[in-house]
Amino acid sequence: MTDTLRVTSACEVRLVVLIAAAARGPRRDGLYALWLVVRSAEGLLPPSPVGRVNHRRRLQALEIRLGSLALPAPLKRALVAARSHLEPGTAAAASIVLHQLVAPAREVLGADAGEAVKDAARNAAMGNGR
């Protein structure tokens, strides 16, 4: 029997559950934006990181999407900075971004969102990726 490719990470699943439970508004938009950035970051991690061209496309789409969402100011600053730090397209950059998003996620979106990102950051640091 062959191994199946895992398309989403545990963090992504947790964030999607939080998005589904959130009422419309800035918190839900914030969770969605966080999910987008986490997805972009985790896409750079082993075992199968996205290619350079796909990474560039993701960053372009991310920039457009972040600009159109109503986000709380501290979270917006953190996500825009994270998007910028993802430019190199390396696993090391992704790991740093995930670590830097833990505090803003927790402070603005709640403990559950912060813990999800914290777990993703821990996995990235250990080299486990998705």
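So, the buried residues of α4 pack against α2 (26-42), α3 (52-68) and α5 (91-109). By buried I mean under 20% relative accessible area, with exposed over 50% and partly exposed in between, using a 1.4 Å probe and protein chains only. Contact is heavy atoms within 4.5 Å. Helices here are DSSP runs of H or I, at least four residues, numbered from the N terminus.

Quick caveat: this is a predicted model, where local features need pLDDT of at least 70, side-chain atom pairs count only at pLDDT 80 or more, and totals for chains, interfaces and linings use all residues. Residues are numbered from 1 along each chain as its sequence is written, and side-chain values use heavy atoms, leaving out hydrogens and water.

Which residues of α4 are buried? Leu75, Ala78, Leu79, Ala82 and Arg83.

Now α3 against α4. They pack at an angle of about 165°, axes 10 Å apart; the axes are lines fitted to C-alpha atoms over the stretch in contact, and angles run from 0 to 180 degrees between N-to-C directions. That makes α3 and α4 roughly antiparallel, the word for angles over 145 degrees. Who meets whom? On the α3 side, Leu59, Gln60, Leu62, Glu63, Leu66 and Gly67; on the α4 side, Lys76, Leu79, Val80 and Arg83.

His55 counts as buried because its relative accessibility is 2%. Leaving aside residues up to four places away in sequence, His55 touches Leu44, Val50, Leu86, Glu87 and Gly89.

Terms used
Helices (H or I, at least four residues) and strands (E, at least two) are DSSP runs, numbered from the N terminus. Angles under 35 degrees count as roughly parallel, over 145 as roughly antiparallel, 65 to 115 as roughly perpendicular and the rest as oblique.
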